[in-house]
Amino acid sequence: MNSRVKRLAVAALATATATLGITVANPAPASAAMTICYNTSQAPSYASVANQAASIWNNATTNLTLTANCGTNLRIYQITGGGSYAQRTSLGNGRVYIDTQQAAQYSPLRIMTHEIGHILGLPDNYNGNCAILMSGGSAGTSCTNPYPSTTEANRVSSLFAGTLSANDRRSGTGSQVFKDSWPGLLTVG
């Protein structure tokens, strides 16, 4: 069975067990596909954006499946003011906050995919390059690219496969808050 089919089978199983109210731990080895359940009940206006971002990460990585509303590894919240940010509690677990005011200026899909990237172990990279997802808002309001670069996707795959060195894993797996990825609201003078 190829890895894409395996990921889809794992996602289907997770959805079926959640529907039946059964909780199943993932006993598979670290190299098998891991399912991260995300919940959008606190961000109803951004549920479809979260689904698109999950699809982007599912297609970009080799051993990770983000599945909607099957649990609460990742909770997504809609806020007004204060800026969009992520709070990772551990690798694959945490909260993403999408600021409606910021999402009116920057691409909501880029914001969502970027913030989920933090939950998946990626740091900010404020280099202003639109091709780098984790450059966040430093690429400007005209940048709408929601796709991780090959390097970013490979790092996430490596983190979830457990193939990075202990030092590299520590830098992407601990509890951390990622704020200020997106510059403050623009004002017209």
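Which residues does Val96 touch, not counting residues up to four places away in sequence? In this predicted model, where contact means heavy atoms within 4.5 Å, Val96 touches Leu74, Arg75, Ile76, Tyr77, Tyr85, Ala86, Met112, Glu115, Ile116 and Ile119. The model is predicted, and local features need pLDDT of at least 70, side-chain atom pairs count only at pLDDT 80 or more, and totals for chains, interfaces and linings use all residues. Residues are numbered from 1 along each chain as its sequence is written, and side-chain values use heavy atoms, with hydrogens and water left out.

Val96 also belongs to the largest nonpolar core, which has 32 residues, and Val96 is listed there with Leu66, Leu74, Met112, Ile116 and Leu120 as the residues with the most contacts inside that core. A nonpolar core is a set of buried Ala, Val, Leu, Ile, Met, Phe, Trp, Tyr and Cys residues joined through side-chain atoms within 4.5 Å; buried means under 20% relative accessible area, exposed means over 50%, and partly exposed lies in between, using a 1.4 Å probe and protein chains only. At least two residues of this core come from each of β1, α2 (47–60), β2, β3, β5 (93–99), α4 and α5, and α2 supplies the largest share, six residues. The helices (H or I, at least four residues) and strands (E, at least two) named here are DSSP runs, numbered from the N terminus.

Because Cys37 lies in strand β1 (residues 34–42) and Cys70 in the loop between β2 (64–68) and β3 (74–79), the pair ties together parts that are 33 residues apart in sequence. Cys37 counts as buried at 11% relative accessibility, and Cys70 is buried too, with a relative accessible area of 17%.

A disulfide also joins Cys130 to Cys143, with an S to S distance of 2.0 Å, and this link is right-handed, with 85° about the S-S bond. Both cysteines lie in the loop between α4 (108–119) and α5 (150–161), so the pair ties together parts that are 13 residues apart in sequence. Here Cys130 counts as partly exposed at 30% relative accessibility, whereas Cys143 is buried, with a relative accessible area of 4%. With bonded cysteines counted along the chain, the disulfides follow the pattern 1-2, 3-4.

Conventions: A disulfide is a pair of cysteine sulfur atoms within 2.5 Å.
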